[in-house]
Each structure stands twice: as C-alpha cells, then as structure tokens.
Amino acid sequence: MPATTSLAEASRRPDKAEWDGPKRPYDLVKEFVIALVVVALLAAILAAVLSSPDVHPVTVEEWANNTTSAYGNFAGQDFVATAMTELDGTSPTATYGPPYQSGPSSQHVFFLNPEQWLGQHIPVDPANDFVLAPLRLQAQHDPALAAALAQWDAASANQQSTWMTNYEKALAKATSVQNGHVVLEPGDYGPLPVMMDSLLAMAQSGALDNALLASKRFYGTDYTKPLLFIADGAYLSDKATAQHLAGSQWGMMNETGNYPGQAWLWLYTMWYQVWPFTHTGNADALIWSLMMILTLLLLFLPLIPGLRSIPRWIPLYKAIWRDHYRALDEELAAGDGGGRARDAP
Amino acid sequence: MSADATGGTAASASTTAYTPEDARPLAGDERMWTARLRGWAIRAFPPGKLLPDRQPSYVASWVYVFGVLTLAAFVVILVSGGVLVWRGPSWWHLSKVGLFFNSIHLWSVELFFFFMVLHLWGKFFMAAWRGNRTLTWMTGVVSFLASIATAFTGYLSQQNFDSQWISTQAKDGLNSVGVGAFFNVMNFGQMLLWHVLLLPVAVAVLVVLHLLLVRHRGVVRPMARQGDPKDSAEEAPGTSGARR
Amino acid sequence: MMSSLIDLNTTGHYLHWGFIQISVANLVVILLMVVVFVLAIVIPFHAGRRER
C-alpha cells in the first residue's frame with residue numbers, strides 16, 4: 001500500500017497540488033450503475049403516474065370556426081380580420097422586417113442591429129402567401145372568384161386601399177354570416193366580399209391549411225407560413241393566455257395544465273415582467289443582451305473577484321466538509337502528525 | 001521486431017501481455033503524431049487516474065452524488081430519445097406505448113435539470129474552480145447552456161400546441177439578435193435534426209471534456225478555514241492557481 | 001400501457017405574489033430542489049471502509 005502523508009500535512013498543500021493524504025475506497029462504476037438504475041426507475045414511475053402533455057395543435061380550420069376575445073361576433077370573424085391585415089400590409093408579420101422582409105428591423109440594442117445586418121433570409125409575402133395565392137388555387141374551380149381576383153388585379157393601389165379600408169370598418173361591425181357570406185352593411189368594397197367569403201370557406205373546410213403548406217412541393221417540414229399567419233390572429237394567443245403561457249404571465253417557464261415547465265428559465269422570463277422592459281418595443285433584444293452578459297458572468301465566475309468569494313462569505317462549505325474539518329482539528333490538537341500515514345476517519 | 005537499446009517493443013513481440021513499456025515509441029518514431037498523441041494521453045490520463053478506485057478522504061458527502069445523477073439522467077434521456085427516434089416523431093401522438101416513452105423522455109429531462117442545478121449549487125458553494133479547475137467550471141456552464149438549447153429544440157419538435165406557441169414566441173427573441181435568420185424555430189425539420197443530432201453531440205462532447213477534466217485534476221480539496229495551517233505557496237480560494 | 005394515474009391536464013393552478021406568478025407545479029419542483037440540496041448536506045455520508 002502506498003504511504004500517504006497525514007491529513008494535516010496533506011491539507012497544507014496548495015489547491016492545485018495532487019492530494020497525497022488519506023484516501024478511501026470509492027467505487028465509481030458501481031455508483032454510476034446505481035445512479036442509472038435509480039434515475040431510470042424514477043423516470044419510468046413519473047411517466048406512468050403523470051404521463052406528459054400533448055395539447056393538439058391549432059389549425060387554420062379550428063381558428064376559422066371559432067370566435068376570439070378580439071372578435072367575438074361570429075365564428076371566423078377574427079380569421080377574416082387577420083386575413084385583411086395580411087392583405088393590407090399592417091399585420092405583425094407584414095410589418096416585421098428582417099428576416100421575413102428586407103427593410104428596417106423591428107428591434108435593436110443601441111447601435112447594434114444584427115437583425116438588419118443579416119437581412120431577409122426567410123422570404124414571406126403575407127398578402128400573396130396567405131391570401132392571394134391560395135385564392136388563385138381555389139379560383140381554378142370558381143368562376144365568380146376568378147372574376148373577383150381579376151377585378152382586384154386590375155385595380156390601382158389607391159382603389160384597392162379604399163376598398164380595404166371600407167371593408168375592414170364594416171367587418172368590425174358585422175354580426176353574422178349567412179349562406180357563406182359575411183353580412184355587411186351596404187358599401188363600396190369591390191371584389192373583397194367575394195374574395196374574403198371564399199377565403200373563409202377555404203379556411204373553415206381545412207383547405208387553406210393544405211394550401212399554405214403544400215406550395216409547389218409535395219414534401220415539406222417547414223411550417224413558417226401557417227404558423228406566422230395563425231400567430232397574427234387572436235385565437236392562438238387566447239388559448240395560450242388561458243394556459244398562463246403568455247410572456248407577461250411568466251409564460252416561458254410554464255407548461256400546459258398542471259405540468260411543471262422549465263423552471264431553469266426563471267431569470268430569462270422575469271425581465272419581461274419588470275420595468276423598463278415592460279415599456280419598450282426593444283424588450284427582446286435588450287433582454288437577450290442582458291442575459292448574454294449575465295451568462296458570461298456565470299461562465300467566467302472563477303476569474304471575477306467578489307463573485308468568486310461568495311462561497312467564503314456564505315460558508316456552506318463548513319457543513320459540507322464538516323467530517324474533514326473535525327478530523328483535521330483532532331489531528332492538529334494531538335500535535336502535528338508529521339509524515340505518518342493515518343487511516344481515513 | 002528487432003531489439004533496440006531504448007527498450008522498445010522487443011519484449012512484447014514474444015509475449016501477449018501488455019506492459020507500459022509497449023507505449024513508448026521506437027527510436028526515431030518519437031515525432032510521429034500518433035506516438036505523440038498516445039504519449040500525451042497516457043501522461044494526462046494513466047489508467048489509475050481515469051478510473052480510480054480510491055478518492056481523497058474528504059469526498060464524503062451526499063452533495064457529491066449530484067454529478068453522477070445528472071450523468072445518469074443524460075443516459076436515460078438518450079435511450080428514451082433513441083426509442084422515439086426509432087418509431088419517428090408522430091408515434092407518441094398515436095400510441096399509448098409511444099406516449100409512455102415520450103413521458104420517460106420528458107421526466108428524465110426534468111430530473112436532468114433538477115440534478116444539474118443541484119450539482120451547480122454544490123460546486124459553487126465548494127468553490128470547486130480552485131486549483132487550476134477554471135476550465136472544469138467553464139465546461140460545466142457551457143454544458144448547461146447547450147442542454148437548455150437542446151431542451152428548447154425538443155419542445156419545438158413536439159408537433160402540438162406547445163411547439164406552435166413556443167416557436168411563434170421565441171422567434172422574436174432570436175430574430176432580434178439576428179440568429180433567427182438561419183435558425184428558424186418554425187421549421188420543424190431543422191429543429192428536429194438539431195435536437196436529435198447536432199445539439200446532443202455538442203452536449204455529449206462537453207460532458208466528456210468536463211469528466212476528463214475532473215479526473216485529470218482530481219476532486220477539489222476543502223477550502224482552508226481561517227487559521228488552518230497552509231504552505232507559503234498558498235493561493236486564496238477562488239483563484240485558479242496562479243503562482244505568487 | 002395504461003393512461004396516467006394522475007391527470008395533470010386539468011386547468012393549471014397558479015399563485016400570485018406582487019409581480020411574481022408561479023405555477024404550483026414549478027413551485028413544488030423548486031421547493032423539492034431546495035429540500036434535496038439541504039438534505040444532501042445534512043445527512044451523514046457513511047464513508048467506506050478504512051484505508052487498508
């Protein structure tokens with residue numbers, strides 16, 4: 001057996017020195033195997049008893065067949081209103097900027113503007129992608145719709161703008177749909193009633209879900225367009241708010257139902273609840289930057305004076321290593337043990 | 001092989017037993033990259049250090065088990081994730097067995113973060129970065145961050161209401177710093193592939209580095225209390241072993 | 001496989017305190033973490049047999 005120095009002797013050495021003091025047998029492999037069995041059993045028991053959440057996804061079809069907090073007059077009113085904002089370019093997606101459109105970005109941090117520097121990488125043209133292109137598909141089998149689209153295409157931008165403004169005002173006051181037509185007070189809406197009634201019908205039947213996805217390919221795994229469209233409406237956020245998942249509800253930490261969520265995101269989501277981040281449109285960029293800085297502080301903690309001394313000021317270490325300190329004190333009290341090997345306490 | 005004066009592999013040519021001398025390169029081969037890598041690996045991690053059966057006497061607290069529990073949870077995550085890969089991403093929505101394995105995957109992730117954070121708290125209050133162990137601390141922190149990213153892409157890969165909400169919300173934060181331009185959280189295919197390949201590999205590499213560093217440096221010794229005798233080359237706790 | 005014994009898919013319970021809002025589930029997890037951490041420090045670790 002290799003001779004070891006005494007506890008007191010070994011404890012004098014600097015932190016980086018290899019430990020030459022008393023040791024004891026410690027079966028690492030056995031410890032790992034036991035840990036593996038314990039964790040596997042725990043996970044299996046939790047899985048059997050508590051299962052996992054699986055709330056079904058929202059489709060355009062579901063959205064178009066329901067009312068929302070923003071538009072509660074008739075099923076699909078929120079859908080049509082959102083579709084109008086996509087067409088007139090005022091929706092959150094249409095006014096986003098990079099990466100979906102080129103132009104000025106939505107957020108920046110002081111002079112840093114990475115969103116803008118990177119530019120448009122994921123082209124999305126809401127008026128065309130969400131409204132006009134699906135309608136053109138449908139128009140192949142619908143002469144009335146084809147005529148309406150022809151009228152739309154032929155009109156000037158000013159004319160289109162007038163129709164859209166009128167239609168949106170009337171839509172907000174509309175209270176019912178009859179025979180597939182949104183009932184509007186008389187007014188100058190051009191081809192929009194035909195177009196929007198058709199779009200609503202497509203949406204309510206599920207045809208729009210497919211039109212948004214399929215584009216010109218058969219296979220796809222990219223849901224950017226339907227997701228952006230759905231998220232522009234109030235239906236998705238209504239459901240999220242009901243489940244405490246909204247940003248202002250510490251939503252980032254939460255999970256649907258009574259499941260635990262992501263408690264480790266508490267600090268990230270906390271900033272969204274406090275001033276000044278509650279009062280700025282740049283909250284995302286500012287909070288990301290703040291979290292970057294805090295993360296760097298955690299990463300470089302050993303090199304940061306003050307922070308790295310906290311373990312000394314909050315001396316939990318005295319409790320953790322109490323057996324060691326007791327043995328050390330005994331040895332020191334008995335007079336220095338010199339270089340004699342000692343059994344581990 | 002011919003015998004040579006540097007004590008090369010002549011002995012091993014005639015026996016089947018491995019001796020440490022076998023690791024030494026023949027004369028003239030010392031500059032081979034293979035030989036140098038082998039030499040470095042053996043010096044840094046002799047077998048007795050890589051898999052020791054003894055630990056210093058101060059390694060005697062339940063706080064020390066959180067690291068291995070985190071590692072065990074990681075293995076359960078990988079295995080349960082592997083089962084989900086085996087049957088594809090739609091399986092758990094359609095099958096009760098699939099749902100069960102998805103649940104194991106979810107709860108092992110909760111346990112993983114549970115034990116990882118306790119491990120972090122423990123190592124923090126033990127100031128475990130002392131004695132040239134800054135890199136050990138740092139690989140741990142980066143593993144934590146990579147794990148969060150992996151969990152994030154996992155939530156995005158669920159193909160249910162959760163992933164719809166998380167993706168449409170998270171896109172704003174990522175876009176604001178330019179990351180969204182090439183990392184599209186609404187692109188299920190991309191997120192699933194990052195979740196199943198790129199990020200787990202990153203976490204695994206970091207964990208291996210972290211473990212090798214722990215074995216290489218050994219478990220950090222207890223902090224010296226005020227009044228404890230210490231050699232003159234003592235460093236204050238919290239430094240990384242700079243010589244005075 | 002049977003469905004879960006405890007159904008957590010019901011309406012979530014949340015606690016409010018000033019600007020803090022936390023789910024009961026997350027609070028339970030966090031409290032458990034603190035309890036386990038304290039126990040790990042406090043419970044004696046019976047060391048292996050003495051060095052031979």
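Here are legends for several close-up views of this predicted model.

Residues count from 1 along each chain as its sequence is written, while chains are lettered from A and ligands numbered from 1 in the order in which they are written. Local features need pLDDT of at least 70 and side-chain atom pairs count only at pLDDT 80 or more, but totals for chains, interfaces and linings use all residues.

**View 1. Here are the two domains of chain A.** Domain 1 covers 60–240 and domain 2 covers 243–303, with bounds that come from an automatic or database domain assignment. Their C-alpha centres are 31 Å apart. Where they touch, domain 1 of chain A gives six residues and domain 2 of chain A gives 10 residues; "in contact" here means that C-beta atoms, placed from the backbone, lie within 7 Å. On the domain 1 side you'll find two nonpolar, three polar and one charged residues. Ala, Val, Leu, Ile, Met, Phe, Trp, Tyr, Cys and Pro count as nonpolar, Asp, Glu, Lys and Arg as charged, and the others, Gly among them, as polar.

**View 2. Now for the two domains of chain B.** Domain 1 takes in 61–126 and domain 2 takes in 129–220, with 14 Å between their C-alpha centres. The contact uses eight residues from domain 1 of chain B and 10 residues from domain 2 of chain B. On the domain 1 side, the elements giving two or more residues are helix H4 (65–87) and helix H6 (96–125) of chain B. Helices (H or I, at least four residues) and strands (E, at least two) are DSSP runs, numbered from the N terminus. That side of domain 1 of chain B splits into eight nonpolar, no polar and no charged residues.

**View 3. This is where chain A meets chain B.** Here 82 residues of chain A are in contact with 85 residues of chain B. Helix H2 (residues 28–50) of chain A brings the largest share of the chain A side, 12 residues. By class, the chain A side has 51 nonpolar, 14 polar and 17 charged residues.

**View 4. A strand of chain A pairs with a strand of chain B.** Strand E1 (residues 23–25) of chain A and strand E1 (residues 54–56) of chain B run antiparallel, joined by three bridges; strands pair if DSSP finds at least two bridges between them. Look for Arg24(A), whose bridge partner is Gln55(B).

**View 5. Chain C has a hairpin.** Four bridges link strand E1 (residues 14–17) of chain C to strand E2 (residues 20–23) of chain C, and the two run antiparallel. Leu15(C) has Ile22(C) as its bridge partner. Two residues sit between the strands, and Gly18(C) in the turn has a positive phi of about 65°.

**View 6. Helix H2 (residues 33–44) of chain B is the subject here.** This helix has 12 residues and spans 16 Å from first C-alpha to last, close to the expected 16 Å, which is 1.5 Å times one less than its number of residues. H2(B) lies largely in the open, because zero of its 12 residues are buried. A residue is buried if 20 or more other C-beta atoms lie within 10 Å of its own, exposed if 12 or fewer, and partly exposed in between, with C-beta atoms placed from the backbone.

**View 7. Zoom in on Asp88(A), in helix H4 (residues 77–88) of chain A.** Asp88(A) is partly exposed, with 19 other C-beta atoms within 10 Å. Asp88(A) and Glu168(A) are 80 residues apart in sequence, but 10.0 Å apart in space, C-alpha to C-alpha.

**View 8. How confident is the predictor about chain A?** The mean pLDDT of chain A is 91, and 95% of its residues reach 70 or more; pLDDT is the predictor's confidence in each residue, from 0 to 100.

Notes
Two residues are in contact if their C-beta atoms, placed from the backbone, lie within 7 Å.
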